[in-house]
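Hi,

Here is the structure I promised to pass on. Have a look at it first, then read my notes below.

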Amino acid sequence: MYRQIPGGPQGGFGDFGGESEKAARSVFVGNIPYEATEEQIRDIFNEVGVVLSFRLVYDRETGKPKGYGFCEYKDTDTAMSAMRNLNTRELHGRNLRVDHATRDHGVEKEQPQASVSRSGTVGIGGPVAPPVESLYGPSCNPADAPELISQAINSLPPEQMYKLIKEMKDVIMKNPVEARNMLLQNPQLAYGLLQAQVV
């Protein structure tokens with residue numbers, strides 16, 4: 001889900017061109033501490049130029065922040081300046097990751113019809129999209145997770161396990177920092193990879 005904080009001229013988002021131009025002047029902000037507020041993040045990104053909008057992504061089921069968002073500037077030069085000057089900026093003991101918004105950052109793609117504004121519900125802040133079924137299947141008791149992961153790995157054919165390990169190795173070789181962050185944020189994946197090697 002997205003939460004937008006208006007900014008810019010007349011408090012609006014402005015119409016500065018098409019989607020590709022908007023993506024070019026927007027930056028991806030990752031590794032955001034969960035205790036950080038949107039206002040704190042917005043203040044940091046205002047240091048390099050006027051922020052037109054900032055969207056913090058929230059989990060649809062829990063309503064909690066996912067730890068990443070997108071910041072839109074008025075032009076590509078300001079976005080480039082943010083990437084140069086704010087990447088690895090420390091906030092609450094974590095280094096922010098600032099990169100092109102158009103790159104794949106290992107986060108799930110949001111479907112436009114499934115995006116929900118956190119600013120309210122029907123009648124207060126606008127309509128809320130219907131609940132979307134999780135791509136990861138039903139949730140489970142955390143104590144049962146290791147057994148369920150082992151069962152899932154054991155059900156895979158050897159070729160698919162090999163392909164899974166090979167693809168993860170490619171990710172690690174091409175972008176070790178992003179692979180490390182992905183494994184730290186998804187311990188189930190690390191456990192699944194270990195199980196795939198043991199089987």
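(An axis here is a line fitted to C-alpha atoms, for helices over the stretch in contact, and angles run from 0 to 180 degrees between N-to-C directions. Helices are DSSP runs of H or I with at least four residues, strands are E runs of at least two, and both are numbered from the N terminus.)

Before I go on: this is a predicted model, so local features need pLDDT of at least 70 and side-chain atom pairs count only at pLDDT 80 or more, while totals for chains, interfaces and linings use all residues. Residues are numbered from 1 along each chain as its sequence is written, and side-chain values use heavy atoms, with hydrogens and water left out.

From α5, Met168, Val171, Ile172, Met173 and Lys174 meet Pro176, Ala179, Met182 and Leu183 of α6, where contact means heavy atoms within 4.5 Å. That makes eight nonpolar residues, no polar ones and one charged. (Ala, Val, Leu, Ile, Met, Phe, Trp, Tyr, Cys and Pro count as nonpolar, Asp, Glu, Lys and Arg as charged, and the others, Gly among them, as polar.)

Next along is α6 (residues 176–185) with α7 (residues 187–198): their axes come within 4 Å and cross at roughly 100°, so the two are roughly perpendicular. Here Met182, Leu183, Leu184 and Gln185 of α6 touch Pro187, Leu189, Ala190 and Leu193 of α7. This contact divides into seven nonpolar residues, one polar and no charged.

Now for the charges. How many salt bridges are there? The count is six, taking a salt bridge as a side-chain nitrogen of Lys or Arg within 4 Å of a carboxyl oxygen of Asp or Glu.

- Glu178 and Arg97 pair at 3.5 Å, N to O. They link distant parts of the chain, with Glu178 in helix α6 and Arg97 in strand β7 (residues 97–100), 81 residues apart. Both are buried (buried means under 20% relative accessible area, exposed over 50%, partly exposed in between, with a 1.4 Å probe and protein chains only).
- Glu47 pairs with Arg89, their closest N and O atoms 2.8 Å apart. Glu47 is in the loop between α2 (38–46) and β3 (51–58), and Arg89 in the loop between α3 (76–86) and β5 (90–91), 42 residues away. Arg89 is partly exposed at 28%.
- Asp170 and Lys166 pair at 3.8 Å between the closest N and O atoms. Both lie in α5 (residues 158–174), four residues apart, about one turn of the helix. Asp170 is partly exposed at 32%, and Lys166 is partly exposed too, at 42%.

In α2, which residues are buried? They are Glu38, Ile41, Arg42, Ile44 and Phe45. These cover an arc of only 160° around the axis, so they sit on the same side of α2; the arc is that of the directions from the helix axis to the C-beta atoms.

The other is Ser81 in helix α3, which is buried at 13% relative accessible area. Leaving aside neighbours within four places in sequence, Ser81 is in contact with Val48 and Leu86.

Cheers

Conventions
Angles under 35 degrees count as roughly parallel, over 145 as roughly antiparallel, 65 to 115 as roughly perpendicular and the rest as oblique.
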